[in-house]
Amino acid sequence: MARFHVPHFEEAGRLNPKTIHDRMPEALYSNTLDYLVITCVDLAFVREGQLLLAQRTRYPRSSWWLIGGRMVAGESPIAAAQRKAAEEAQLVGLGAERFQFLGVYSTCFAMREQEPRQHGSHTVNLTYRVQLTAVEQAQVQLSQAEYNSHYRWLALSAVEQILDLSNPIDHALQTIVHDLRNW
């Protein structure tokens, strides 16, 4: 599989009136989810043949998944990956070269956190492999706002044991693990 990065092009003079700290009003965001596909960045943290998986506490994925989340308008994929590593795993200062593009995965969820929950959501996930050092692995502290205290470093060969392969989103995670094993 050829490795590449996700090119990001930004025209000079682009004005984005919002920052990464601005949040769309909940009612507007809920309505938006009915019409738009959201772009996310997911991070496959690996160390010595193991993958970090965490149990998310909220929809659209309230089960095992990678670390990550939504991109912000005007943000490059790598900048989003660096931000998510810092915000959700407390891994601050990872250089852009540490994020190795793994693939693009499209996920349609049956449920979402926003009302009406049963409308679900659709995301396109730009997924990066991030090889951690032993020190970085020990520094990982997941955001309690996103993940419960149950997270695991699992051998890539053992991930399927916690998946329900009749669930399409677990099948997506299986596909990501397959791509990591073929790295």
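The structure is a predicted model, in which local features need pLDDT of at least 70 and side-chain atom pairs count only at pLDDT 80 or more, whereas totals for chains, interfaces and linings use all residues. Residues are numbered from 1 along each chain as its sequence is written, and side-chain values use heavy atoms, with hydrogens and water left out.

Helices (H or I, at least four residues) and strands (E, at least two) are DSSP runs, numbered from the N terminus. Two strands are taken as paired if DSSP finds at least two bridges between them. Strand S1 covers residues 38-47 and pairs with S2 in the antiparallel sense over two bridges. Within this pairing, arginine 47 has glutamine 50 in S2 as its bridge partner. The hairpin of S1 and S2 has two residues between the strands, and glutamate 48 takes a positive phi near 50 degrees there. S1 also pairs with S6, in the parallel sense, over nine bridges; here cysteine 40 stands opposite asparagine 125 in S6. Four bridges join S1 to strand S4 (residues 67-70), and these two strands run antiparallel. Aspartate 42 has glycine 68 in S4 as its bridge partner.

A pair of aromatic rings is described by the distance of the centres and the angle of the planes. Rings of Phe, Tyr and Trp (its six-membered ring) pair if their centres lie within 6.5 Å; planes under 30 degrees apart count as stacked, over 60 as edge-to-face and the rest as tilted. A search of the whole structure finds two aromatic pairs. The ring centres of phenylalanine 99 and tyrosine 128 are 6.5 Å apart and their planes lie at 85 degrees, so this pair is edge-to-face. The pair links distant parts of the chain, 29 residues apart, with phenylalanine 99 in strand S5 (residues 99-109) and tyrosine 128 in strand S6 (residues 121-131). Phenylalanine 101 and tyrosine 128 form an edge-to-face pair, at 5.6 Å centre to centre and 75 degrees between the planes. Since phenylalanine 101 lies in S5 and tyrosine 128 in S6, this pair ties together parts that are 27 residues apart in sequence. Phe99, Phe101 and Tyr128 form one aromatic cluster. Phenylalanine 99 is buried, phenylalanine 101 counts as buried at 6% relative accessibility, and tyrosine 128 is buried with a relative accessible area of 1%.

A nonpolar core is a set of buried Ala, Val, Leu, Ile, Met, Phe, Trp, Tyr and Cys residues joined through side-chain atoms within 4.5 Å. The largest such core has 23 residues, and those with the most contacts inside it are Leu43, Phe45, Leu91, Phe99, Tyr128, Val140 and Leu142. At least two residues of this core come from each of S1, S2, H2, S5, S6 and S7. H2 supplies the largest share, four residues.On a 1 Å grid over the protein atoms alone, a pocket is an open set of points where a 1.4 Å probe fits, with protein on both sides within 12 Å along at least five of seven lines; lining residues have an atom within 4 Å of a point. The largest pocket is lined by 43 residues, of which Arg23, Tyr29, Ile38, Arg70 and Met71 lie nearest its centre. Two or more lining residues come from each of helix H1 (26-33), S1, S4, helix H2 (77-89), S5 and S6.

Note on methods:
Buried means under 20% relative accessible area, exposed over 50%, partly exposed in between (1.4 Å probe, protein chains only).
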